[in-house]
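Let's take a friendly walk through a protein model, looking at its rings and strands. Keep the picture open as you read.

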Amino acid sequence: MVPNAMTSDSGHYFCRASNPAGSVESSRYTITVQGPPSRISPSQIVAVTKTDSTLVLRWPAPYDGNSRILQYKISYRERGSSDQYQDATPQDGKTLTTTISGLKAFTEYEILVVAENIEGLAQNSMPATLKTATGVPSSPRDFLVDVKSSTSVVARWNAPAEPNGDIKYYRVYYEDQGRAKRATPQFKQFAGASSGTISSLGKYTNYRLYARAVNELNGKELEGPPSDPKTITTEEDAPSEPRNVKGETIPDSTETLRAVWETPTDPNGKIRNYTVFYQSKNPPGILMNKTVSGDATSTILDNLAPYTTYTLEVQAYTIDYGLLSTPGEGTTDQGRPSAPRYLNISASSTTSVSLRWTEPLSPRGELLQYTIFYSGQKHTVGKEINKKMWRSTLQF
């Protein structure tokens, strides 16, 4: 008997007897010493395919210890963990590959592959270290938005609890709540940052914002779920100009006009008031103004001159004054004319007189006729077009 035999002791054996007369050899015998398989080194265990949750492993067949390998036992745990190794599904001695599923993305694992034959298990080697692929990140945490002006905000966030890779960038999405059903959300990307400014927003506009983290794998973007959304309103600003300004004549009211306008296309806030600026057009008169509440879209201008055209402009106010509107016009209703001027009377004959005069200084409308009163009677004279002088002859 050969004690403590090893597989390396396998070989061809014979017995030789010797004495002074000579020696003789027995027949030769082949002896095989069986033992456990040899170890599989860490460098021999490779991942032929990997995803964010699986590793497909492959290894070469080790020395079998002169006995058929019955199975391979596979175990794994996260690198650096003090937990016990988890056992994966064993593979038969002819299968040199296996798949480990249910792993964490972008995580290193310590993996052991141990061969077993009838003599027992191979000795453990150092574990192989393999890493799963980049995966979809979880949502950014602690998402906050601060309003900085009427057109900009600053968004802040913390990295995802499960980045599942090296975050390539963050996207901050923003939706105009007034257009949410009609427009695709816009976004701005920030690389290597935990905050960013979004500009060129609408003034005094409601927005819904949220953030997403984005990884990349083989040129393909892996966008994670959204953070908790935040709803904000940008600050107020000066409004745009009121629209369609005009003056409406008020019948039988010779000294008033109704100024009418439409609200600005972009109020950019709560309109506190409107100011109407007005003056006679020809000749230009003193510029006057009247301020009304922000809910109004018309007002009465009084103490005006009859039958006079006025130019009107309207300006809206929020926290600042907006642009003046495009000028509009309006004309007051006709009124009673002033007296004719420079009346001159001369005798034409023994039975008639000739009268001459000029039109009133303030006709206050279109003059239709003159009436001459004399000795309890009256005489009507029609207008002569484009003439400032008037005349008539009375017969007695």
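## Aromatic pairs

The structure holds ten aromatic pairs, counted when ring centres of Phe, Tyr or Trp (its six-membered ring) lie within 6.5 Å; planes under 30 degrees apart are stacked, over 60 edge-to-face, and the rest tilted. Tyr76 and Tyr109 form an edge-to-face pair, 6.3 Å centre to centre with 65 degrees between the planes. This pair links distant parts of the chain, 33 residues apart: Tyr76 is in strand E7 (residues 69-78) and Tyr109 in strand E11 (residues 108-117). Strands are DSSP runs of E with at least two residues, numbered from the N terminus.

Tyr76 is buried at 11% relative accessible area, and Tyr109 is buried too, at 5%. Here buried means under 20%, exposed over 50%, and partly exposed in between, using a 1.4 Å probe and protein chains only. Ring pairs also join Trp157, Tyr170 and Phe190 into a cluster.

## About the model

This is a predicted model: local features need pLDDT of at least 70, side-chain atom pairs count only at pLDDT 80 or more, and totals for chains, interfaces and linings use all residues. Residues are numbered from 1 along each chain as its sequence is written, and side-chain values use heavy atoms, leaving out hydrogens and water.

## Strands and a sheet

The protein chain has zero helices (H or I runs of at least four residues) and 33 strands.
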